Amino acid sequence: MNASNEAVRYTAEFVDGPLEGQAEQRILVAGDYERRVGMMAAVDGLESLFWYDAIDERDVAGMVHVRYRFDASDSDPVESDDEND
């Protein structure tokens, strides 16, 4: 077991899209952050999958912070389809 103080978490910040302004702690995998993350969220009561791509990283007080940009082309639609209600 490694007892060093190596960081095992990072902060993911979502800069746009349905999760704009949200941040969460995530686990580093093999010492690195995910380049692409899929996030589930409810839109009008239906679960939707939203994809985000890493755009940059920075160190804040010794912790990695990664900003993610929304990829609308690969994500579920954000708007509800009111015609079918």
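Predicted model: local features only at pLDDT ≥ 70, side-chain atom pairs only at ≥ 80, totals over all residues.

Me: How many helices and strands does the protein have?
Reply: Helices (H or I, at least four residues) and strands (E, at least two) are DSSP runs, numbered from the N terminus. From that terminus on, the elements run β-β-β-β-β, and the count is therefore zero helices and five strands.

Me: How many aromatic pairs are there?
Reply: Rings of Phe, Tyr and Trp (its six-membered ring) pair if their centres lie within 6.5 Å, and planes under 30 degrees apart count as stacked, over 60 as edge-to-face and the rest as tilted. By this rule the number of aromatic pairs is five.

Me: Is the pair of Tyr-10 and Tyr-33 stacked, edge-to-face or tilted, and how far apart in sequence are the parts that it ties together?
Reply: The ring centres of Tyr-10 and Tyr-33 are 6.0 Å apart and the planes stand at 55°, so the pair is tilted. Because Tyr-10 lies in strand 1 (residues 9-14) and Tyr-33 in the loop between strand 2 (23-27) and strand 3 (36-43), the pair ties together parts that are separated in sequence by 23 residues.

Me: Which geometry do the rings of Phe-50 and Phe-70 have?
Reply: Phe-50 belongs to strand 4 (residues 46-60) and Phe-70 to strand 5 (residues 63-70), 20 residues apart, and the pair links distant parts of the chain. Both residues are buried, that is, under 20% relative accessible area, where exposed means over 50% and partly exposed in between (1.4 Å probe, protein chains only). With centres 6.0 Å apart and planes at 70°, the pair is edge-to-face.

Me: Which elements give two or more residues to the largest nonpolar core?
Reply: A nonpolar core is a set of buried Ala, Val, Leu, Ile, Met, Phe, Trp, Tyr and Cys residues joined through side-chain atoms within 4.5 Å. The largest one has 14 residues, and those with the most contacts inside it include Tyr-10, Phe-14 and Tyr-33. The elements that give two or more residues to this core are strand 1, strand 3, strand 4 and strand 5.

Me: Which backbone nitrogen does the side chain of Ser-75 reach?
Reply: Ser-75 is found in the segment after strand 5 and is buried, with a relative accessible area of 11%. Leaving aside neighbours within four places in sequence, Ser-75 is in contact with Leu-49, Phe-50, Trp-51 and Phe-70. At 2.8 Å, the side chain of Ser-75 reaches the backbone nitrogen of Trp-51.

Me: Where does pLDDT stay under 50?
Reply: The protein averages a pLDDT of 86, and 85% of the residues score at least 70. The stretch under 50, for which the model has zero contacts beyond four places in sequence, is residues 1-5.

Notes:
Residues numbered from 1 in each chain as written. Heavy atoms only, no water. pLDDT = per-residue confidence, 0-100. Contact = heavy atoms within 4.5 Å. Polar contact = N/O pair within 3.5 Å; in protein donor to acceptor, adjacent residues only side chain to side chain.
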